[in-house]
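How can one read the organisation of a protein from its model? Please consider the sequence and structure shown here.

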Amino acid sequence: MPNDNVRELPVTGPPPGSGLATCRFCGQTKVVDLDVFPDPTAADEHVSRECGCHGAYEYRQELEREQSLERAKKQIEDLFGKGAPGYGLLSAIDEVKEVLFEAARLVYDFKIKDLTVSISPCVKAKVSRSAKGKIVLNRSDVAAFKQEV
Ligand SMILES: [Zn+2]
């Protein structure tokens, strides 16, 4: 039975269904929805990514870099490795793919603007960066046949 003489205590903690998570870079705590983040480690990770502090900003940059280079690696494998025969093209050897990946890393980090590799007289690879900051891989295969008989 409800007792009208008992007043509700003021809410001091996070609202029901919510919890606190901490940014590991600056120590700020933020309220998170426990339905979305039932795991405290995942909640801290989320807050550490979304926080406005400098450490979180650098962390986001590093994550973006890792994801971009991971995508570049897959694209190199697709265009120059296992995926090439699917386009009717020849695969490059592993050492060439490693050079292309290294080029992608250097381009992403602004160490070089672009790099063109002549894999064979007919196959060229170019690694560059788009205006939006994406790594661009370009493969050109030139088939030129000339026979004097
Ligand atoms: Zn922070």
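This is a predicted model: local features need pLDDT of at least 70, side-chain atom pairs count only at pLDDT 80 or more; totals for chains, interfaces and linings use all residues.

Residues are numbered from 1 along each chain as its sequence is written.

The domain assignment gives domain 1 (18-52) and domain 2 (68-141); such bounds come from an automatic or database assignment. The C-alpha centres of domain 1 and domain 2 are 38 Å apart.

Helices (H or I, at least four residues) and strands (E, at least two) are DSSP runs, numbered from the N terminus. A residue is buried if 20 or more other C-beta atoms, placed from the backbone, lie within 10 Å of its own. In helix α1 (residues 40-50), the buried residues are Ala43, Val47 and Ser48. Seen down the axis of α1, these residues fall within an arc of 135°, taken from the directions from the helix axis to the C-beta atoms, so they line one face of the helix. Their cover includes β1 (18-22), β2 (29-33) and α2 (54-80).

A nonpolar core is a set of buried Ala, Val, Leu, Ile, Met, Phe, Trp, Tyr and Cys residues joined through C-beta atoms within 7 Å. The largest nonpolar core has 10 residues, among them Ala72, Phe80, Leu100 and Ala125. To this core α2, α3 (94-108) and β4 (123-129) each supply at least two residues, and α3 gives the most, with 4 residues. A second, separate core of 6 residues includes Ala21, Cys23, Ala43 and Val47.

Definitions and conventions. A residue is buried if 20 or more other C-beta atoms lie within 10 Å of its own, exposed if 12 or fewer, and partly exposed in between; C-beta atoms are placed from the backbone. Two residues are in contact if their C-beta atoms, placed from the backbone, lie within 7 Å.
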